[in-house]
Amino acid sequence: MIVFFWLLILFHWSEVDVIAQTKTTYVTEEGSIRFVSEAPLEIIRAASSSLKGAIDIEQKSFLFILDNASFKGFNSPLQQEHFHENYMETKTYPQTTFKGKIIELPLPMNGTTQTVRAKGILDLHGVKAEWIIKAVLIYEEGQIHIKADFSIFLEDHAIRIPKVVSKKIAPEIQVTVDAVMRANN
């Protein structure tokens with residue numbers, strides 16, 4: 001009987017340990033974010049592979065941070081300079097953040113894909129606005145691959161486009177996020 005009791009205690013502690021291991025946070029230091037501006041006279045593309053983020057599955061919470069100066073690409077060095085100095089004003093607004101909660105319950109089972117909605121505050125160009133962004137979560141061994149596509153209207157975040165270049169910069173920017181987040185136990 002005493003052996004049964006100790007086996008029961010040992011099993012219980014093993015079970016608690018397994019549950020504790022599933023309470024995990026996923027992080028990335030090098031997620032990618034791309035944007036495209038398709039205006040009548042010009043298509044502008046730029047990207048960054050410096051997206052940092054964390055997701056706490058248990059709390060259904062997340063935080064993503066992007067260094068705005070990390071965007072590269074563009075059609076010319078002058079265009080990149082104008083982006084950083086005149087539009088994103090990266091010296092004044094060095095980061096963009098998105099922080100909030102996942103609306104649906106994340107179900108991290110290896111080999112499955114789940115579409116969720118992330119609701120939070122997007123702080124872009126000094127303007128904080130509530131957003132709901134759909135994301136696809138692909139669960140793999142010890143990691144979550146996140147993909148999201150959405151649009152941002154520049155005027156929603158006080159990014160002004162001078163009339164002289166209004167045919168070269170679209171008022172609506174297409175954004176794509178692609179990040180592999182690894183378990184951080």
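The following dialogue examines how terms are applied to this predicted model.

Tutor: Residues are numbered from 1 along each chain as its sequence is written, and side-chain values use heavy atoms, with hydrogens and water left out. As the model is predicted, local features need pLDDT of at least 70 and side-chain atom pairs count only at pLDDT 80 or more, whereas totals for chains, interfaces and linings use all residues.

Student: What makes up the secondary structure of the chain?

Tutor: The chain has two helices and nine strands, where helices (H or I, at least four residues) and strands (E, at least two) are DSSP runs, numbered from the N terminus. From the N terminus on, the order of the elements is α-β-β-β-β-α-β-β-β-β-β.

Student: Why is T96 called buried?

Tutor: Buried means under 20% relative accessible area, exposed over 50%, and partly exposed in between (1.4 Å probe, protein chains only). T96 has a relative accessibility of 11%, so T96 counts as buried. This residue, T96, is found in strand β5 (residues 95-102). Of the 185 residues of the chain, 36% count as buried.

Student: What makes the approach of T96 to N68 a polar contact?

Tutor: A polar contact is a pair of N or O atoms within 3.5 Å; within protein, one must be able to donate a hydrogen and the other to accept it, and residues adjacent in sequence count only if both atoms are side-chain atoms. The side chains of T96 and N68 make such a contact at 2.8 Å. Contact in general means heavy atoms within 4.5 Å. Leaving aside neighbours within four places in sequence, the contacts of T96 include F64, N68, M88 and D123.

Student: Why is the pair of F35 and F83 called stacked?

Tutor: Rings of Phe, Tyr and Trp (its six-membered ring) pair if their centres lie within 6.5 Å; planes under 30 degrees apart count as stacked, over 60 as edge-to-face and the rest as tilted. The structure holds eight aromatic pairs. In the pair of F35 and F83, the centres are 5.4 Å apart and the planes are at 20°, which is stacked. F35 lies in strand β1 (residues 25-38) and F83 in helix α2 (residues 77-87), so the pair ties together parts that are 48 residues apart in sequence.

Student: Why is the pair of F62 and F64 called tilted?

Tutor: The ring centres of F62 and F64 are 6.1 Å apart and the planes are at 40°, which is tilted. F62 is buried, with a relative accessible area of 7%, and F64 is buried at 14%.

Student: Which residues form one aromatic cluster?

Tutor: F35, F71, F74 and F83 form one such cluster. Within this group, F35 is buried at a relative accessible area of 11%, and F83 is buried at 12%.

Student: How do you know that the buried residues of α2 line one face of the helix?

Tutor: The buried residues of α2 are Q79, F83, H84 and Y87. Seen down the axis of α2, these residues fall within an arc of 130°, so they line one face of the helix; the arc is that of the directions from the helix axis to the C-beta atoms. On the other side of α2, P77 and E85 are exposed. The buried residues of α2 pack against β1 and β2 (43-56).

Student: What makes a set of residues a nonpolar core, and which members of the largest one touch the most others?

Tutor: A nonpolar core is a set of buried Ala, Val, Leu, Ile, Met, Phe, Trp, Tyr and Cys residues joined through side-chain atoms within 4.5 Å. Of the 40 residues in the largest nonpolar core, F35, I55, F71, W131, I146, F150 and V175 touch the most other members. Strand β7 (residues 127-140) gives the largest share of this core, six residues. Leaving aside neighbours within four places in sequence, F150 is in contact with residues including W131, I133 and V175.

Student: Why is D178 called partly exposed?

Tutor: D178, in strand β9 (residues 172-183), has a relative accessible area of 26%, so D178 is partly exposed. A polar contact of 2.4 Å joins the side chains of D178 and H145.

Student: Why is R182 described as partly exposed?

Tutor: R182, also placed in strand β9, has a relative accessible area of 48%, so R182 is partly exposed.
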